[in-house]
Amino acid sequence: MYFENDFREVFRMKQNPQKVAGRPKKFVSKEEMIENTLDNMREAEISMEFAGEEELENLQEKNERRKHQIQRMKNEPLT
């Protein structure tokens with residue numbers, strides 16, 4: 001029975017690729033992704049005020065990667 005249920009779920013997902021686990025995919029624009037990344041950077045900066053040395057270093061590295069990601073998103077052509 002377990003295998004049969006798995007097969008049915010895979011078949012259902014192939015028949016309706018817009019839904020995964022019963023939920024429709026949500027389209028997120030590039031501008032929304034950039035804004036979400038900037039929000040994460042601001043939250044990380046707040047967390048840095050209370051972070052220990054190791055956590056502070058991790059948050060700084062994450063924000064650096066986020067800056068580069070924003071640059072890539074801004075330079076990426078629309079598809």
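Me: Leaving aside neighbours within four places in sequence, what is Met-48 in contact with?
Reply: Met-48 is in contact with Leu-56, Leu-59, Gln-60 and Asn-63, where contact means heavy atoms within 4.5 Å. This is a predicted model, in which local features need pLDDT of at least 70, side-chain atom pairs count only at pLDDT 80 or more, and totals for chains, interfaces and linings use all residues. Residues are numbered from 1 along each chain as its sequence is written, and side-chain values use heavy atoms, with hydrogens and water left out.

Me: Is Met-48 buried or exposed?
Reply: Met-48 counts as buried because its relative accessibility is 18%; buried means under 20% relative accessible area, exposed over 50%, partly exposed in between (1.4 Å probe, protein chains only).

Me: Which helix is Met-48 found in?
Reply: Met-48 is found in helix H2, residues 30-48. Helices (H or I, at least four residues) and strands (E, at least two) are DSSP runs, numbered from the N terminus.

Me: And how far apart are the C-alpha atoms of Met-48 and Asn-58?
Reply: They are separated by 9.6 Å, with the two residues ten apart along the chain.

Me: Different topic. Where is Glu-53 found?
Reply: Glu-53 is in helix H3, residues 53-75. Glu-53 counts as exposed because its relative accessibility is 72%.

Me: What percentage of the residues count as buried?
Reply: Of the 79 residues, 15% count as buried.

Me: And what share of the contacts with a separation of 6 or more is between residues 24 or more positions apart?
Reply: Those residues account for 43% of such contacts.
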